[in-house]
Amino acid sequence: MSDRSPNNFSGENWRNKLPTTLSPLIDLAFNFWWSWSAQGESIFRDLDARLWEECHQNPVKFLQRLSPKQIAQFARDPTYLNRLEQRIAEFRDYMASGDKSWASKVAPQWHFQSPIAYFCFEFGVHQSLPNYAGGLGVLAGDHLKSASDLGVPMVGVGLLFRNGYLEQHFNREGWQEERYPKYRFEEMPLELVRDTSGEPLTVEISIRRRKTIVQCWQVRVGRVNIYLLDTNRPDNDPVDRAIARCLYGGDRNNRMAQEFLLGIGGVKMLQRLGITPSLYHLNEGHAAFALLELVRQSMADSGQSFSQAKDEVKERCIFTTHTPVMGGHDRFPPELMAEFFADFWPQLNLSQAEFLDLGARKPTDPWARFNMTVLALRLTRSANGVSELNGQVAREMWSAIYPDREVSEVPIGYITNGIHSRTWIAPLLGDLYADYLDKNWGTCLCDRHIWDRIERIPTRELWQRHQLLKEQLIVFARDWLQQAQKYRGESPEAIEPLRRRLDPNLLTIGFARRFSPYKRPDLIFCDPDRARDILGHSDRPVQLIFAGKAHPQNEESKRIMQRIMQWSHDLELQDRIIFIEDYDMFVAKKLVRGVDVWLNTPRRPLEASGTSGQKVALNGGLNCSILDGWWREAYREDETGKGINGWAIGDDRSGENREEQDRRDAESLYRLIDEQIIPLYYDRDENGVPQGWIEMMKASIKTVAPVFNTDRMLAEYVREIYLPEVTADLQGICAV
């Protein structure tokens, strides 16, 4: 709009420039509750839909950039103000209803003054806060959303990355290039925590024997807060100011500094905030140094020996491990540990060798690297993987540190990951569920009886909603491709054909996740001739949508990505394959809501759990996946061996050499697509509706929805790990 001023409300006092009638928007903008509540997004979007998208659905930046004319118009609009009043009333009711929550009923002894401290390297709450790289962060965000909904006292602790992870772009050769924008925190839904005098609240830690001042930012996620640590202050050394510049960036020395800051700084910051956790939950090993700080403080406060303090700390700490690949676990050389901890181990009354043994898979080895996962396993009372198979793999991986036990007796259990369904289900389907299942379906996700009612939804109506979501995906993908080509400086003549890419009537398969060789993103191209036959079939063609980022230092992943980009430029197949650049939560929502089939091809058993396929299933898409991670638990087949709720690539075994496993799995994938997926999709009744396909869609929703969600996941953490004395029935989980 011509009257829009990009910096109209920029500066510290922009909030005071909103009229009183619209000021409740500020409360909503600074609490991510809006992002999963009914009509939460529309209360912003309806002010200016175009600007909302330009701001990447960031409500703070959006409010700052609204024009004075728009502000004045809606400040006097009775219809809009009535809607806003309803939303803010719902928000305040939600925030005040903690005493009516599921947690307050099953564990009334819990209270928010002694929460669970959930430490994680990254948090993916929403795309407007790009403080995540992938699945670990998104899981952490979903975990905390369910904690808010169920009333589980919890607080998140992480780092605030000034340049985020990376922005992905491809050059004309199809090679990934990275950009690291410097984010403006004043335009994001977070606030610097201040003390009573209005100054930033800080703690002091010693990094590399140098005093470093740490401040923190607060992110509100419903009734739960996340505190993100930040050292970018003028009173710090320039090297220390850059500690949290990039997520998973920098060298080994900087990674050590980040994990030192997260673990030791995180414990101290919680104390400075006046928070006394009842339990510390480490989500992956990045924060394991927190355990050392807790032991140090316990020894200093009580005069206990290291052994006594260690046992006391273990009782209030738990650990979740995800990574089934040994190289994915952080390990630091002894000399780097000495650089950071030379003043630390004397405070534990340990020698250097005794201290380093805490992180050694094989103690007394002077050359062993200090392993963060080993430290976490040794200093926590409970450890778990994130799926049944992942738990088995973890027990085998870490059996060396339990030499007196059989592998089956290694104390690592499992709780399978889920998703925060209220975040990921498209409103188009949410409305349909409200009409035919239960108007409160979103608050009783684990009730199987409600999901059994999926059969009540008319097949034609479910198909129409799915097709609308698919069309929205294709419109989005075309626009995204055009923007990418403009960024590369392509001519208008080259960009014009992109408006016709993809066809909403064709079977659409999606593949989107972090690119890594073991995930085998290009497995479908294993046999180029078979792939061409499938994609280019004249009567029953298939189209593929890819998305995902490779770690900047992972050259092999980049080469895989480049090969897929080359396929997308093939003259015969360029309308059948696209790659959407810069995958994030915004792109993910479009994909999981719009594809027909979600493809997942990890080299078994290297998928920890995976959650993207769960998001697809709840939106009516079908999974075609290796029997790994969560899908191994969710997949159902009939007496003939055919899938009921999706398709299984290969079988339930592993251990072959890579080449044989890849060949066998590729052949299985081709047969499934040719013999089952394509015929089922294109077999239509007289009204053009694929009845068999929709029957499988319903079976998928019915079997996945009540189990693979973070309400069930969190309730299992409460019942099995957080408070083992709780005996609540998982069927009775109800979010308020």
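Axes are lines fitted to C-alpha atoms, for helices over the stretch in contact, and angles run from 0 to 180 degrees between N-to-C directions. Helices are DSSP runs (H or I, at least four residues) numbered from the N terminus. The model is predicted, with local features requiring pLDDT of at least 70 and side-chain atom pairs pLDDT 80 or more, while totals for chains, interfaces and linings use all residues. Residues are numbered from 1 along each chain as its sequence is written, and side-chain values use heavy atoms, without hydrogens and water.

| Helix pair | Angle | Axis distance |
|---|---|---|
| Helix 20 (residues 459-487) and helix 28 (residues 691-704) | about 80° | 10 Å |
| Helix 22 (residues 528-535) and helix 27 (residues 658-682) | about 15° | 11 Å |

Helix 22 is therefore roughly parallel to helix 27 (an angle under 35 degrees). R530, A531 and I534 of helix 22 make the contact (heavy atoms within 4.5 Å) with E667, Y670, R671, I673, D674 and I678 of helix 27. This contact comprises 5 nonpolar, no polar and 4 charged residues.

Helix 20 and helix 28 are therefore roughly perpendicular (65 to 115 degrees). In helix 20, T459, L462, W463 and H466 meet Q691, W693, I694, M697 and K698 of helix 28.

Notes
Helix = DSSP H or I, 4+ residues; strand = E, 2+ residues; numbered from the N terminus. Parallel < 35°, antiparallel > 145°, perpendicular 65-115°, else oblique. Nonpolar A, V, L, I, M, F, W, Y, C, P; charged D, E, K, R; others polar.
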